[in-house]
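Take a moment with the picture, then follow the questions.

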Amino acid sequence: MTTKIWKRTAVSALAAVMAVSMAPCRSEAKETSGEKTELTFWLTNEGENYEKVFDEFEKRAGEDMGIDIKVNWTTKHVEEMPLKLMNQEACDLTFDAYWVNLASNISNGLYADLSEYFDNDEYPGLKKAFTPEILETMVSDDGAIYAIPFFEQYADMRCIFYREDWREQLGCEPVTSEETFHAYLQAVNENKDSLGIESAMGLKDRGYFYYLSDWYTAVENNIVEVDNTGVTANLNFRALLSDDGKTVEDVSIFGDPDERFADYPEGYQENFMTKRFLKIADEYGDFGNADSATVTNSEEKFYVGKYGAIEGNLDGYNNIATNLKQNAPDSELGVWFYEDQINNKEATFTNQALSANYVAVPYYSENIGATMEFLDWIFQSQENHDLFCYGIEGEDWEDAGDKTMEDLTPNNKYVFPGYELCWNPEYTRVNVTWPEEMREYKAYATDKENFELNPISGFVFDPNVSTEVKIAYAALKQTGGDYRAQLQSGLFGADTQAKIDEFYEKAKNDIEIVRAEVEKQLQEFLDGK
């Protein structure tokens, strides 16, 4: 089937609107009477040796800009930050996300509108890093920009990591397809004792995640997953859109009867979500670890040779490859991108949300201009970006040419959560120690020319529009949570269909309430485009 690509009709309109907005005044951070503007940041997951980078910024630009930055770290960000914001504690920049408190904090009016700083020649760094495609996903229904996304690539590079040396030892064909991967797991499972392992597949509580979901193929057929509308990722509602992408024709979820799908595109005329869980249970359930429903980190046992494969994504490659080699020097890491569009580096679609991580500025901050001037500086050049993303060149890392880098290992190694300050595909470097094939995949994922915006990119479901929806949404997530991990890992086995039916019966009233609201909000979003 030919891929259906919708035109970006909103980009030009957005640019026109923002071009006529009043340009903010630069240099608000300049020293006044010899005093600097102190910016207070509240972030999470504390870094290491980051002070030296902020000191280096002061040497390069902070002195002239009149900026001094104080970085604070929360212990429990989800609980702490709403209280700090409600109490108007000193804060000029904070980390947030839709999986944290972003939707509710925006709804409660806690963040400042930053739209005037984007697509603005006075802020060339922000203009370069946040292209019209990215801006389209940042603008809220009211035309404001309340959060700034940080991400390294335009689509998830979901994959399976496995032991290539064991594949060769067991005489299996190269892992290039569902069939060859299944054959590898079967062989590992049959030789667990001789390999000294616990299970062929090491799963954590998200199970096989998106494996067998054909996510990109579904989008090509106008079927999109609607983020944050169901139990968790890949257990959300799916929306069927019309061929022109303007109309929501149906909204479905796993457990819905097959009859609902009679008018769906060929290949989707039965509940493909339910069918996937049945296949996982039937063909893959015996390969995983029995405790997968409660495990949150399967990598550790993979490193020490207790699992034959684990589920992950390209971002985890460096950490997994390094740790595996340290624990098993004779090992060889294999990587298989199980979605054909990604595996073949084809032109395809972005995620619905380009980013999972954002920063925002509290509405009461008196230093909005200074904060945005600092962020603008980070993205004015590759050199500026590299300072905050990788540390001090020659000490923490070395430039290996052609947007690659090599990590160095000083005693005071710079470690900082880049997803809270600097990740951007315009500047992302690839580790030169990666195999050439992996570097090619990273380059593919960071090139916007390879991706079209997801048809519902920028849509954010709001479950707090009414008490009824809020209660139904919370109940659906809670009920689904009792089945989620087992379904994703195939642990229900022959009882899978019965368990899905059981979930559906318990949740059907909540499902209908949330379904109707998803359809309503998504249609309003499409109408607005």
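Q: What makes a pair of residues a contact, and how many of the contacts between residues at least 6 apart in sequence join residues at least 24 apart?
A: A contact needs heavy atoms within 4.5 Å. Among contacts in the protein chain between residues at least 6 apart in sequence, the share joining residues at least 24 apart is 75%. This is a predicted model, where local features need pLDDT of at least 70, side-chain atom pairs count only at pLDDT 80 or more, and totals for chains, interfaces and linings use all residues. Residues are numbered from 1 along each chain as its sequence is written, and side-chain values use heavy atoms, leaving out hydrogens and water.

Q: Why is Leu-212 called buried?
A: Buried means under 20% relative accessible area, exposed over 50%, and partly exposed in between (1.4 Å probe, protein chains only). Leu-212 has 18%, so it is buried. Buried residues make up 56% of the 529 residues in the protein chain.

Q: What makes Asp-402 count as exposed?
A: Its relative accessibility is 75%, so Asp-402 counts as exposed.
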